[in-house]
Amino acid sequence: MRRPYRSSGCHSARRSIDDGSCCRPVVAGFLLQHALQGWCPPVPVMRRLGFRTQAEIDQERYALKALRGDFAELSSSPSELMAAVTK
């Protein structure tokens with residue numbers, strides 16, 4: 001015979017943490033602040049951990065392509081290549 005499920009206060013608190021329902025208001029607040037101000041507290045921490053914006057990734061990608069010679073038909077001048085990369 002199966003025993004009925006009994007929930008203690010501690011277990012129900014643990015369950016709400018595991019399903020993420022307690023984190024939703026915090027995340028929603030961060031998203032709202034980021035939408036309104038363009039900044040939120042986790043951003044500097046994430047930057048220190050090595051997260052980069054898509055623009056930074058694209059800039060690095062195009063700089064590597066320029067070093068590899070993919071833009072050789074544009075110009076051989078380093079300043080013109082850098083101008084093409086940073087556009």
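## Counting the salt bridges

How many salt bridges does the rule count here? The count comes to 4. Keep in mind that this is a predicted model, and let's start with the overall fold before looking at some of the pairs.

## The chain as a whole

The chain holds 5 helices and 0 strands, so its elements read α-α-α-α-α from the N terminus on. Of its 87 residues, 7% are buried. The accessible surface is about 7,700 Å², and carbon and sulfur atoms account for 61% of that area.

## Two glutamate–arginine pairs

Side chains of opposite charge can pair when their charged atoms come close. One of the salt bridges joins Glu 56 to Arg 47, with 2.7 Å from N to O. Glu 56 is partly exposed, at 29% relative accessibility, and Arg 47 is partly exposed too, at 40%.

Another salt bridge links Glu 60 with Arg 52, where the closest N and O atoms are 2.2 Å apart. Here Glu 60 has a relative accessible area of 39%, which makes it partly exposed. Arg 52 also counts as partly exposed, with 43%.

## A pair within helix α4

Where do Asp 58 and Arg 61 lie? Both belong to helix α4, which spans residues 54-68. They sit 3 residues apart, about one turn of the helix, and they form a salt bridge whose closest N and O atoms are 3.2 Å apart.

Asp 58 is partly exposed, with a relative accessible area of 25%.

Technical notes: Residues are numbered from 1 along each chain as its sequence is written. This is a predicted model: local features need pLDDT of at least 70, side-chain atom pairs count only at pLDDT 80 or more; totals for chains, interfaces and linings use all residues. Side-chain values use heavy atoms; hydrogens and water are left out. Helices (H or I, at least four residues) and strands (E, at least two) are DSSP runs, numbered from the N terminus. Buried means under 20% relative accessible area, exposed over 50%, partly exposed in between (1.4 Å probe, protein chains only). Accessible areas come from the Shrake-Rupley method with a 1.4 Å probe; for residues, only the protein chains shown count as cover. A salt bridge is a side-chain nitrogen of Lys or Arg within 4 Å of a carboxyl oxygen of Asp or Glu.
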